[in-house]
Amino acid sequence: MRRSEIRDHLLDIALRLFNQHGYHATGIDLIVAEAGVAKTTLYRHFETKEDLILAALERRDDEDRVAMRAFVEQRASDPAERLLVTFDFLEASFSDKQFRGCLFMSAAGEHKDTANPVFRAAVMHKRLVIAYFEELAHAARFAEPKRIAVEINLLHEGAMAVAQMTRIAEPARQAKLIAAQLLAAEKRFPLVPSARREDAGQRTQAS
């Protein structure tokens, strides 16, 4: 395999093992044994285990957020509806036989020091997810997109925690129903047609 392929292979193995056993319980010896490479090969790509964890989290962050956005955009065009479809994405994730909970919450739980790079990487993932929810809430013209994004995220996290314990997809469906009720009660700004916006802009300039 080429160098990039070996690196990707190591990350695939590491992510699977971190998901199955956790970060502290998964040792380098187990990773290289599962990957079928020498320990020196791993250290050529990742100087420390922490470097490997950070690279694995970066990979999973990219994959998860790209996958959620693609899933949502394929199933809805209205931004408000897209917020609800994010729970369908969760439901599909919970139905996966490999689901063991959130790798980022696990990372933060096992690396509790808030200054730890692994903890910070987990926090950054959550912030980026909230930013996506805020993007959708803003596009849907909700009056308070930041608050709505936080509340949607809380429902996501709650559903994730319950699903981790029960290993069923029902929490995602329940969270979606709650989210629908919350969004239905939210104030939304009216959609201003482009022609009216242009006229308003011209009047403002004239004055």
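Visitor: How many residues line the largest pocket, and which of them lie nearest its centre?

Guide: Good place to start! Keep in mind that this is a predicted model. As for the general idea, rolling a probe the size of a water molecule over the atoms shows where empty space is left. Here, 30 residues line the largest pocket, and R60, D64, S93, F99 and G101 lie nearest its centre.

Visitor: What volume does the largest pocket have?

Guide: The largest pocket has a volume of about 660 Å³.

Visitor: Which helices each supply at least two residues of the lining?

Guide: You can trace them on the structure: α1 (3-21), α4 (49-75), α5 (79-95), α6 (103-110), α7 (117-139) and α8 (145-166).

Visitor: How do the residues of the lining divide into nonpolar, polar and charged?

Guide: The lining holds 14 nonpolar, 7 polar and 9 charged residues.

Visitor: Let me step back to the whole chain. How many helices and how many strands does the secondary structure come to?

Guide: The count is 10 helices and 0 strands.

Visitor: What radius of gyration does the protein chain have, and what would a compact globule of 207 residues have?

Guide: The protein chain has 21 Å, whereas a compact globule of 207 residues would be near 17 Å.

Visitor: What share of the contacts links residues 24 or more positions apart?

Guide: Among contacts with a separation of 6 or more, residues 24 or more positions apart account for 68%.

Visitor: Let me try single residues. Is H111 buried or exposed?

Guide: The idea is to compare the relative accessible area with a cut-off: buried means under 20%. H111 has a relative accessible area of 11%, so this residue is buried. You will find H111 in the loop between α6 and α7.

Visitor: Which residues is H111 in contact with, leaving aside its neighbours within four places in sequence?

Guide: Look for Y23, H24, I53, N116, V118 and F119 around H111. A185, by contrast, is 74 residues along the chain from H111, and their C-alpha atoms are separated by 39 Å.

Visitor: Why does H45 count as buried?

Guide: H45 is buried because its relative accessible area is 16%, and buried means under 20%. H45 sits in helix α3, which covers residues 39-45. Apart from neighbours within four places in sequence, H45 is in contact with R3, I6, R7 and L10.

Visitor: Where are H9 and H21 found?

Guide: Helix α1 holds H9, and H21 is found in helix α1 too. H9 is partly exposed, with a relative accessible area of 23%. H21 is also partly exposed, and its value is 44%. Once neighbours within four places in sequence are set aside, H21 is in contact with T26 and L30. From H21 to F46 there are 25 residues in sequence and 20 Å in space, C-alpha to C-alpha.

Visitor: What phi does R141 have?

Guide: Phi is a backbone angle you can check residue by residue. R141 has a positive phi of about 70° although it is not a glycine. R141 is found in the loop between α7 and α8 and counts as partly exposed at 28% relative accessibility.

Visitor: And what phi does R167 have?

Guide: For R167 the phi is positive, about 60°, although this residue is not a glycine. R167 lies in the loop between α8 and α9, and at 47% relative accessibility R167 counts as partly exposed.

Note on methods
Residues numbered from 1 in each chain as written. Predicted model: local features only at pLDDT ≥ 70, side-chain atom pairs only at ≥ 80, totals over all residues. Heavy atoms only, no water. 1 Å grid on protein atoms, 1.4 Å probe; cavity = no way out; pocket = protein on both sides within 12 Å on 5 of 7 lines; lining within 4 Å. Points joined across faces, edges and corners; volume = space filled by probe spheres on them. Helix = DSSP H or I, 4+ residues; strand = E, 2+ residues; numbered from the N terminus. Nonpolar A, V, L, I, M, F, W, Y, C, P; charged D, E, K, R; others polar. Rg over C-alpha atoms; globule rule 2.2 N^0.38 Å. Contact = heavy atoms within 4.5 Å. Buried < 20%, exposed > 50% of the residue type's maximum accessible area, 1.4 Å probe, protein only.
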